[in-house]
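Thanks, everyone. Let's look at one structure together, from the inside out.

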Amino acid sequence: MDQQLHLLYFSATGTTARVVKAIAEGMNTRGREYDLTMPFFRARDISYGENDVVIVGVPVYGGRLPGFLADYLARVKGHNTPAVFVVVYGNRNYDDALLELKKIMEPNGFIGTAGAAFIGEHSYTSKVATGRPDNADLKAAREFGAKIIAKLASLNNVLDAPALNVKGNFPYRDRPPKLSVIPQINSICTRCGICAEQCPMQAINWNNVNDIDADKCIQCCSCVKRCPVGAVSVNHERIDKIRQMLIANCSTIRKEPEIFI
């Protein structure tokens, strides 16, 4: 591939990062990574040119992009830059998220070359999409990457590429209401600080991990998934109902990646 590959992603629990990196492997290059997970990286505006190719990977929250991430991506600029749009969801449905990502990026100078929806273990429960992306998912991601390379090679000019069509509806479904919920940290906590260090919103106080800002917390469950001793949980009546619904309806059916190219 003559163009420089870039990986632009947000991945609070690591699933989106694994998918995006596997796609890059299928394109026979690691690519330059720009990880939006930590807030100090989202403070910087970035841009890409016509000699770049960008894989944009984001998680799905309630069938949409997270609002703060949609706001950031609207500031990312391209210049006739081929782009691959990727969303990762927890085995329920990605609804309008992939279309939303496409509609944010394309007006900013990006040319949609391919799109995909992959599955990752749900942030609310390990009982839904357990261990995903798994080996089969990552194999599909690498095969997707190979198809992207073939498509780019077939184009004399990326401006001649046919319009990319993906699933989704516009107007989009409403985003879930913001919940003033914070993780609970129990007595087995060792005060290692990993939860605060890895919090994408800097909602957890480094000096006192029990001091958590409910206005900043997005219930991404990075702290839950990364705690080495299992001391962190997120419990709330509404989240508990969602968790029970997901386990009842989405834990036995395996959804497969969908690609658009």
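Predicted model: local features only at pLDDT ≥ 70, side-chain atom pairs only at ≥ 80, totals over all residues.

Start with the core. The largest nonpolar core has 56 residues. Which members touch the most others? They are L8, L65, L73, V76, V87, L101 and M105. Several elements give two or more residues to this core, including strands β3, β4 and β5 and helices α3, α4 and α8. Helix α4 gives the most, with 6 residues.

Take V87 as an example. Leaving out residues up to four places away in sequence, V87 touches V58, V60, L65, Y94, A97, L98, L101, A116, A117 and F118. There is also a second, separate core. That one has 23 residues, among them Y9, I55, V88 and F118.

First, R243, in helix α8. Is R243 buried or exposed? Buried: its relative accessible area is 16%, and the cut-off for buried is under 20%. What does its side chain reach? The backbone oxygen of Y124, at 2.8 Å. The R243 side chain also makes a polar contact with the side chain of D240, at 2.8 Å. Beyond its sequence neighbours within four places, R243 is in contact with Y124, T125, V234 and N235.

Next, K151, in helix α5. K151 is buried too, yet has no salt bridge. The nearest side chain of opposite charge is E106, 9.2 Å away. Outside four places in sequence, K151 is in contact with T113 and I261.

On to the salt bridges. How many does the structure hold? The count is 17. One of them joins E100 and R175, with the closest N and O atoms 2.7 Å apart. E100 sits in helix α4 and R175 in the loop between α5 and β6, so this pair ties together parts 75 residues apart in sequence. E100 is buried, at 3% relative accessible area. R175 is partly exposed, at 35%.

Another salt bridge pairs D137 with R254, at 3.6 Å from N to O. D137 lies in helix α5 and R254 in the loop between α8 and β8, so here the linked parts are 117 residues apart in sequence. D137 is buried, at 1% relative accessibility, while R254 is partly exposed, at 38%.

R254 has another partner. E256 meets R254 in a salt bridge at 2.7 Å, N to O. E256 is partly exposed, at 40%.

Technical notes:
Residues numbered from 1 in each chain as written. Heavy atoms only, no water. Core = buried A, V, L, I, M, F, W, Y, C linked by side-chain atoms within 4.5 Å. Buried < 20%, exposed > 50% of the residue type's maximum accessible area, 1.4 Å probe, protein only. Helix = DSSP H or I, 4+ residues; strand = E, 2+ residues; numbered from the N terminus. Contact = heavy atoms within 4.5 Å. Polar contact = N/O pair within 3.5 Å; in protein donor to acceptor, adjacent residues only side chain to side chain. Lys, Arg positive; Asp, Glu negative; His and termini not counted. Salt bridge = Lys/Arg side-chain N within 4 Å of Asp/Glu carboxyl O.
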